[in-house]
Amino acid sequence: MKKETKAIHTAYQENDPYGALAMPVYHCAAYEFPNAAEMIESFCNRSNKPDYSRVTNPTVIYFENKVKALTEADNVIAFSSGMAAISNALICLSAAGKNIVSSQHMFGNTYAFLNSTLARFNVETKLCDLTNIDEVEKNVDENTCCIYLEIVTNPQLEVADLGQLAAVAKRFNIPLVADTTAIPFTEFEAKKLGVDIEIVSSTKYLSGGGTSIGGLVIDYGTCPGFGKRMKQEMLLNLGAYMTPHVAYMQTLGLETLDARYRMQAGNALELATRLRTVPEICHVNYIGLPDNPYYELSQRQFGPTGGAMLTIELADKESCFSFINRLKLVKRATNLFDNRTLAIHPASTIFGNFTESQLQDMDVSDRIIRISVGLEAVDDIFEDIQQAVKK
Ligand SMILES: *Cc1c(COP(=O)(O)O)cnc(C)c1O
C-alpha cells in the first residue's frame, strides 16, 4: 500500500464487534483478564493485551500503528505532548555525567529542558553549530549519549546535513535523535537519512486544526535497548502516555495529513514568493525558495516541499508589534501548521523569558515575525499581511 492508503486503511488490532469504521475511544483506566496466567503475561510484557492505560490503550495503539505503517519504524510511542516525547526520550538516553551534543537553535522549551532541567541532574548539553561538522566532531566525546537536533530550526530555519551528522553518530556509536516536527514524516524517510530516533510534536501538522496536544517517539530499532526501556521504564515511571481521546482526534488528523500538508506547503511557497515584492518587508526566509541557502540541502533531504513555516523581517521591533496588532484574518497565536494561518513575534513570546544575550546566542531576532501558513486562499492571506505591514 502507498502512504495515502496506509494512512486510511491500517487494520485494527482486533476486529470491532460492531464493524465501527472509526476506531472507538476506549475511555478506561484498566482491563479485565480471564485468568491469572494471562494477567501475568500482560504485566510482564509477554503479550500485547492491555493492562493499564498509563502504559497502553487500544485507541492509542491504533494511532501508533498508523504512524508505524507510514514510517516503517520498529516502535512508535505516543505521548501527551511534544515536550513529553522529547523529555522522555532524552531522559531514557542520558544519565548523570553524560552529555548531549546539540545546537543553540531550537524550540524554546527544548532549550530550557536541556539547559535548565536536565542540567540539574548533571547532564550537560554542549551547544555547537550543527551545520559545521568539524565543530560537531570536536564536541562529541566518550560521555556523549546522543546528537540532538531539529531538522528545520525555529525560527532561524536552519537545516543541518543529516547524513554527515549520522556518520559522526555512527562512528561514536551513539544515536542521532531528530525533532522532525517541521516537515511531516509522510514526506521523507528519516531512517534513510541516518536518524535513529525521530521525535514529532503531533500537536502541529498531524492533529489538523490544532485540536489537541500530542507527541511521538518513532524508534527505528537501531539504538539497542531504547524501545524496550521507553516502554518498560519511561511509560511506567514518568506516566506521560497519550490519552485515548487525543489519539482519536489525532488519528482523524493523520488520515488527512498528506493532503493538508501538500496544500499548506504550496500556499507557503506562493505566499513567500509574493511577500518578497512587498517593500515594507526587509527579508523573507523560507527554505522552499530556490535562492535560500538551505534550499538544495532541504530538497535533497526532505523532498520537493519546504514546509509551511516562514519568517518575515520588518524594520524593527515596533513595526513587528504594529503588524501583529493590525492583522485581521491571520490569527495572533502560537502553534504551527494549524488549518488557519498564524503569526507570532517569537522574541517577545516563545523566547520572552530569555535574556538579550541568550536571544543573541540563539539568533532569535526581535525584527522577525514567524508565519505558519494555513489552508485559506493565498490571495486572502497575502492581502491581510500586505495591509498589516503598511505604515
Ligand atoms: C511545538 C514544538 C515542540 C513541543 O511540542 P508540544 O506538543 O507543544 O509539547 C517541540 N519541537 C518543535 C519543533 C515544536 O514546534
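How far is an oxygen atom of the ligand from an N or O atom in the side chain of lysine 204? In this predicted model, the distance is 2.7 Å. The protein covers 89% of the 380 Å² of accessible area that the ligand has on its own.

Two other side chains deserve a mention here. An N or O atom in the side chain of threonine 203 is 2.6 Å from an oxygen atom of the ligand.

Now the shell around the ligand. Among its residues are Ser81, Gly82, Met83, Ile86 and Phe107, along with Thr181, Ser201, Gly214 and Leu336. By class, the shell has four nonpolar, six polar and two charged residues. Helix H4, residues 82–93, gives the most to this shell, with three residues.

Next, the pockets. The ligand takes up the space of the second largest pocket, where there is about 400 Å³ of space. Its lining runs to 24 residues, and Phe107, Thr181, Ser201, Lys204 and Leu336 lie nearest the centre. That lining is made up of 11 nonpolar, nine polar and four charged residues. H4 supplies the largest share of the lining, three residues.

Then there is the largest pocket, with a volume of about 1,100 Å³. It has 38 lining residues, with Asn48, Lys49, Pro50, Thr56 and Ile61 nearest its centre. Here the classes are 17 nonpolar, 10 polar and 11 charged. Helices H2, H3 and H8 and strand S1 each supply at least two residues of that lining.

Conventions: Residues numbered from 1 in each chain as written. Predicted model: local features only at pLDDT ≥ 70, side-chain atom pairs only at ≥ 80, totals over all residues. Heavy atoms only, no water. Near = heavy atom within 4 Å. Polar contact = N/O pair within 3.5 Å; in protein donor to acceptor, adjacent residues only side chain to side chain. Areas by Shrake-Rupley, 256 points an atom, 1.4 Å probe, with all protein chains shown as cover. 1 Å grid on protein atoms, 1.4 Å probe; cavity = no way out; pocket = protein on both sides within 12 Å on 5 of 7 lines; lining within 4 Å. Sits in = over half its atoms within 2 Å of the grid points. Helix = DSSP H or I, 4+ residues; strand = E, 2+ residues; numbered from the N terminus. Nonpolar A, V, L, I, M, F, W, Y, C, P; charged D, E, K, R; others polar. Points joined across faces, edges and corners; volume = space filled by probe spheres on them.
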